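Subject: Structure handover and notes

Dear colleague,

I am passing on the structure below, together with my notes on its backbone and its aromatic rings. Please read the notes with the coordinates open beside them.

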Amino acid sequence: MKGSESLLATAVAAGVQVCFANPGTTEIPLVEAFDQVAGLRAVLALSEGVVTGAADGHARMTGAPAMTLLHLGPGFANGIANLHNARRARTPMINLIGEHASWHQSADAPLTSDIESLAGPVSGWVSRTTSAATAAAEFAEAHRATRQQRLPATLIAAADHMWAEGGEPAEVAAVPGPPAADDQQIAAIAKLLTSGRGRPALLLGGRALAPDGVRAAARIAATVGGEVFAERSPARIDRAPGIPPMRPIPYFPEDVLRVLDGFSHLVLVGARTPVSFFGYEGLPSFPVPDGIAVHTLADVEQDAVEALRALAEATGSAATELPVPEPPEVAVPDGALSAAGIAAAIVRTQPENAIVVNEGVSSGAAFPAIAAAAPPHSELTNTGGAIGMGIPVATGAAIACPDRPVINFQADGSAAYTLQALWTQAREQLDVTTVICANASYGILRAELRRAGIDRPGPAAADMTSLAEPTVDWTAAAKGFGVPATRATTGAELLEALRRAHAEPGPHLVEAVL
């Protein structure tokens, strides 16, 4: 076998199902190998930011690593923003980066770069192939690392190691589950919560947001008189009638301080202490009110769900019956559109078991505020703040779950970064409905100007937050990539457009004009 064939055969044996790719010359041996090795689906994307975002979305929905195929350092660099988000989401994925032939690397050819320096900040593990004979084993090590660390792993594959013969598929070792939380810490927190002194808050993130974790946390809170919160930007959160709703931690630090005021203890479960997205003069980096003691039940690497089950037992909460809250009322959107109206239209037309990818940015908070009224669904959010993840993540989620409709609640400024993902949706005929919140501005920057006391920005500042002159014609852009599109300016038009999109197979885009 060639090194490329043995590597892909090992990927198939490891359970990798999809490779999102934007290859170049150095990856030709791997491109050829996809026809020689059965069982690994190759999905082409027009830019590397789509490749990495799609792999992130796929892995968030399956829990198993997807693979990317990228062209040298510059190609990898084009995908780094969405790898930043994937790292914050603790997404298991394997980046396979083509590299010059080993004997050509010292020639300093035009595409030569320091790939390790690019890959290190967005990877939990980085290495290189050493020969055709060892390439498969080196891929198996990348797979082990990403499964164990739940961080992207990056393997740099020299072209001659891929085209040379002598490859042998490698054995893929089983990866142990996450380590257990400390029993003594569980007992100490149980004692604290049942002491009757003060009001605790439980902050869930990562693995703890699995339905069983949320239910266990809700039972604990109901028993000890506390409340459960979700981290601000979860990689994935599932909602259904049997899953208790939670308040998310707000975006702005002053709102976090307000929401946490009155609690005596903050128990972190698979989450970190709330941190302000940016530093604001006069506000703390960690917006936790004075007087709140912070405790860690399980860190981001530990088995948070099992820790919550153990804490429920220790607090006598395991058998507590959970209240069934009334879902929020969602008014029929009418007249001119607003962020709340777009979210209401999505909720009122949302198919059962949908996946909602939320990159609404300045409009994004409108959906989780009423999501408890929607049919059962999963929501994926922007974990790292690098914009341009929405359309690619929706693409990967749709490939991961072909039986589930995908809705992308999408800001227009962010959509412009990775609109090329629509082409992949059209090519693969994916069931994705993209709703563009078209306010023709970087709305979050305008909000930040107002927070800075700049109510009437000058012409330069106004220009830097405006997406008008020209305003993007989103329906024309979508059609150019092969996706049917329509424009809605009122609540009634948006409801009708969404109903039509959900009734027809394949991708659709709806421009919702704010």
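The notes below turn to the backbone and then to the aromatic rings.

This is a predicted model, in which local features need pLDDT of at least 70 and side-chain atom pairs count only at pLDDT 80 or more, while totals for chains, interfaces and linings use all residues. Residues are numbered from 1 along each chain as its sequence is written, and side-chain values use heavy atoms, with hydrogens and water left out.

The peptide bond from Glu-469 to Pro-470 is cis, with omega near 5 degrees. Glu-469, although not a glycine, has a positive phi of about 55 degrees, and at 78% relative accessibility Glu-469 counts as exposed (over 50% relative accessible area, with buried under 20% and partly exposed in between, for a 1.4 Å probe and protein chains only).

A search of the whole structure finds five aromatic pairs, where rings of Phe, Tyr and Trp (its six-membered ring) pair if their centres lie within 6.5 Å, and planes under 30 degrees apart count as stacked, over 60 as edge-to-face and the rest as tilted. One of them joins Phe-229 and Phe-263 edge-to-face, at 5.7 Å centre to centre and 80 degrees between the planes. Phe-229 is buried at 0% relative accessible area, and Phe-263 is also buried, at 6%. The rings of Phe-252 and Tyr-280 have their centres 6.5 Å apart and their planes at 65 degrees, so this pair is edge-to-face, and both residues are buried.

Best regards
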